[in-house]
Amino acid sequence: MKIQSQKDFFSGLMFMGVGVAFAWGASGYTLGDGARMGPGYFPLALGVLLAFLGSIITFKALVVETVDGDKIGKLAWKPLFFIILANLVFGACIGGLPLIGLKPLGLIVGIYLLTLIASNAGEEFALKPVLILATLLALLSYLAFIVLLKLQFPVWPAYFTA
Amino acid sequence: MELFDNLALGFGVAFTFQNLIYAFIGCLLGTLIGVLPGIGPLATIAMLLPATYALPPVAALIMLAGIYYGAQYGGSTTAILVNLPGESSSVVTVIDGYQMARNGRAGPALAAAGMGSFFAGCVGTLILAAFAAPLTELAFKFGPAEYFSLMILGLIGAVVLASGSLIKAVAMIVLGLLLGMVGTDVNSGVARFSFDIPELTDGIGFIVIAMGVFGYGEIIHNLSKHASEREVFAASVTGLMPTKEDFKNMVPAVLRGTALGSLLGILPGGGAVMAAFAAYTIEKKTKLKPGEVPFGKGNIRGVAAPEAANNAGSQTSFIPLLTLGIPPNAVMALMVGAMTIHNIQPGPQVMTANPELFWGLIASMWIGNLMLIVLNLPLIGIWIKLLTVPYRWLFPSIVLFCAIGVYSTNNNTWDIWMVALFGIIGYIFIKLGTEPAPLLLGFILGPMMEEYLRRALLLSRGDWSVFLTRPLSAGLLAASVLLLVVVLMPSIKAKREEAFVED
């Protein structure tokens with residue numbers, strides 16, 4: 001059996017997997033019956049439905065012909081890695097990482113780090129424009145979020161303000 | 001004639017210099033908030049609520065209302081320019097609006113959104129003023145069974161939103177419904193799917209999913225293409241205003257959207273979002289004129305109709321608030337809070353006990369709409385400039401604003417981790433060719449659907465036929481089946497494939 005549509009095949013598998021996972025989780029809660037639905041009733045029904053739909057999609061992916069095989073194509077590992085890393089580092093700057101005892105480094109440091117890391121996700125990386133962008137963003141964010149909107153963020157590293 | 005007397009009273013109140021200033025500040029603040037992706041009117045109103053203690057009640061409510069509308073307008077701007085739905089009601093605007101921006105028609109898209117919203121706002125205000133009392137009668141007829149069937153209809157309609165595989169769209173809706181299940185079950189207090197993580201007992205935030213899937217997923221996907229293949233925004237921006245052709249197309253769409261939005265907004269329970277989806281669905285069903293861009297590729301009607309619908313819906317959603325005291329969504333709940341602080345009990349007596357408040361508010365809504373269009377239309381030129389910024393400057397900014405926006409909802413870094421997770425998930429969705437918009441609708445409606453299903457069955461004591469024996473509910477379900485049949489029929493199916501042939 002040839003996979004006629006790669007995209008559909010894998011999405012079908014994904015739906016089946018997620019559906020089964022939710023259904024399995026839901027069966028752990030009280031189900032109840034129609035008149036008195038427990039917490040597990042609706043999620044179980046939906047999980048089963050999703051798994052069923054997933055199986056249909058996978059089946060179609062094996063049977064219905066497509067022109068070019070609907071390939072998924074290469075995964076963009078580099079952009080994925082850098083964007084997510086930038087986000088995670090920013091989160092660590094704002095909230096600190098209690099697990100390793102890192103205190104929050106603050107918004108400004110976070111913005112610089114995020115910009116520097118995220119810019120690596122593109123094709124070219126030139127330090128000076130990136131630094132200018134980071135400074136602009138830091139300034140803008142400070143004005144908009146801290147001064148104007150008075151949001152509560154740690155702005156400077158906790159090591160200095162504590 | 002009583003209507004005109006009341007409106008005159010209202011305008012008298014609203015047109016005082018002080019109240020106009022407050023309306024203006026509210027609109028300005030609201031638009032700024034709405035434009036920043038991730039920060040919405042809910043957070044803003046919550047923050048500004050204490051500031052309004054000192055203001056007289058009418059002024060406070062006028063300002064808060066201004067913020068609410070401003071945020072909706074601003075939210076549409078980001079949806080069109082950057083493909084980020086900042087509000088649940090902008091999810092639909094993203095679909096055609098962003099495509100229009102990519103084709104160099106961001107100006108007409110923004111103008112269509114603005115003008116459609118303004119028109120709908122005016123009509124909505126009139127309806128509010130004229131029909132507040134009789135319309136609540138209608139709302140009373142809707143019991144849980146009717147709501148459930150209405151949502152089924154809405155979800156089936158949402159399938160039409162997907163331009164790709166029908167069954168994958170349905171699967172995405174169900175996935176969205178399931179994601180909505182995460183959190184504490186209201187009826188039993190059981191924390192579902194929370195893996196003992198306290199933050200998950202409140203469920204996954206809408207903003208988190210929206211930012212992750214629409215924001216990060218899209219950015220990662222864009223970066224994976226080489227600069228030449230990347231679908232950059234067309235270098236030539238063709239004009240700021242819609243063409244005469246555009247206007248001709250827009251007008252019926254706006255009228256339909258307004259009608260739909262006015263009706264659905266009255267139902268307590270968030271009519272504005274459903275109205276936007278429903279309006280888009282209906283537009284899609286109408287025949288395309290020769291030479292019109294297909295839906296999903298930048299059809300101006302796909303922007304004008306949902307925008308009109310959600311604005312009309314927001315206006316008429318004041319009806320259950322002002323007449324019954326039932327807030328249709330979280331923002332309105334805050335307004336109820338504001339009223340209570342000023343010793344006003346929202347409910348049927350507001351109209352008679354505080355007429356200048358009621359009518360003053362209505363009049364200021366109209367003024368707010370006017371101010372917004374005056375504020376925003378000239379600014380379109382500035383917004384367009386934003387699109388000419390090279391992508392390598394734009395995308396780190398989007399990553400930053402998403403992270404900040406998400407953090408500001410709960411001041412909890414947990415949300416930032418979740419956005420990262422959904423960014424990865426969003427990218428996977430794009431690679432697998434599954435559409436995120438149906439997922440978001442399912443997510444919003446999931447908990448509500450479960451609630452209504454439960455209540456309906458509780459009231460009927462476990463009798464499932466209640467959905468068919470109650471006439472309104474049966475009618476809605478029949479409409480859903482009809483819609484499904486129409487979409488699935490082979491001949492229509494062939495035309496559908498034809499209409500949505502991509503590359």
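Q: What is an axis, and from where to where do the angles run?
A: An axis is a line fitted to C-alpha atoms, for a helix over the stretch in contact, and the angles run from 0 to 180 degrees between N-to-C directions. The model to which this is applied here is predicted.

Q: What makes helix 3 of chain A roughly antiparallel to helix 18 of chain B?
A: The axes of helix 3 (residues 77-95) of chain A and helix 18 of chain B cross at roughly 175° and come within 8 Å. Angles over 145 degrees count as roughly antiparallel; therefore the two helices receive that description.

Q: Which residues make the contact of these two helices?
A: Helix 3 of chain A contributes A:Leu80, A:Ile83, A:Ile84, A:Asn87, A:Leu88, A:Phe90, A:Gly91, A:Ile94 and A:Gly95. From helix 18 of chain B come B:Thr413, B:Ile416, B:Trp417, B:Val419, B:Ala420, B:Gly423, B:Ile424 and B:Tyr427. Sorted by class, there are twelve nonpolar and five polar residues, and no charged ones.

Q: How many residues are in contact between chain B and chain A, and which elements of chain B take part?
A: In chain B, 54 residues are in contact with 55 residues of chain A. The elements of chain B that give two or more residues to this side are helix 8 (166-181), helix 9 (206-224), helix 17 (391-410), helix 18 (413-432) and helix 19 (436-459). Helix 17 of chain B supplies the largest share, eleven residues. The side of chain B that touches chain A holds 35 nonpolar, eleven polar and eight charged residues.

Q: How does the radius of gyration of chain A stand against that of a compact globule?
A: Chain A has a radius of gyration of 24 Å, whereas a compact globule of 162 residues would have one near 15 Å. The C-alpha atoms of chain A fill a box of roughly 60 × 50 × 30 Å along the principal axes. Chain A has six helices and zero strands, and 38% of its 162 residues count as buried.

Q: Why is B:Phe193 called buried?
A: A residue is buried if 20 or more other C-beta atoms lie within 10 Å of its own. B:Phe193 has 22 other C-beta atoms within 10 Å, and therefore counts as buried.

Q: What sets the phi of B:Phe193 apart, and where is this residue found?
A: Most residues other than glycine have a negative phi. The phi of B:Phe193 is near 55°, a positive value in a residue other than glycine. B:Phe193 is found in the loop between strand 2 (191-192) and helix 9 of chain B.

Definitions and conventions:
Residues are numbered from 1 along each chain as its sequence is written. Chains are lettered from A and ligands numbered from 1 in the order in which they are written. This is a predicted model: local features need pLDDT of at least 70, side-chain atom pairs count only at pLDDT 80 or more; totals for chains, interfaces and linings use all residues. Two residues are in contact if their C-beta atoms, placed from the backbone, lie within 7 Å. Helices (H or I, at least four residues) and strands (E, at least two) are DSSP runs, numbered from the N terminus. Ala, Val, Leu, Ile, Met, Phe, Trp, Tyr, Cys and Pro count as nonpolar, Asp, Glu, Lys and Arg as charged, and the others, Gly among them, as polar. Angles under 35 degrees count as roughly parallel, over 145 as roughly antiparallel, 65 to 115 as roughly perpendicular and the rest as oblique. The radius of gyration is taken over C-alpha atoms; the globule rule is 2.2 Å times the number of residues to the power 0.38. A residue is buried if 20 or more other C-beta atoms lie within 10 Å of its own, exposed if 12 or fewer, and partly exposed in between; C-beta atoms are placed from the backbone.
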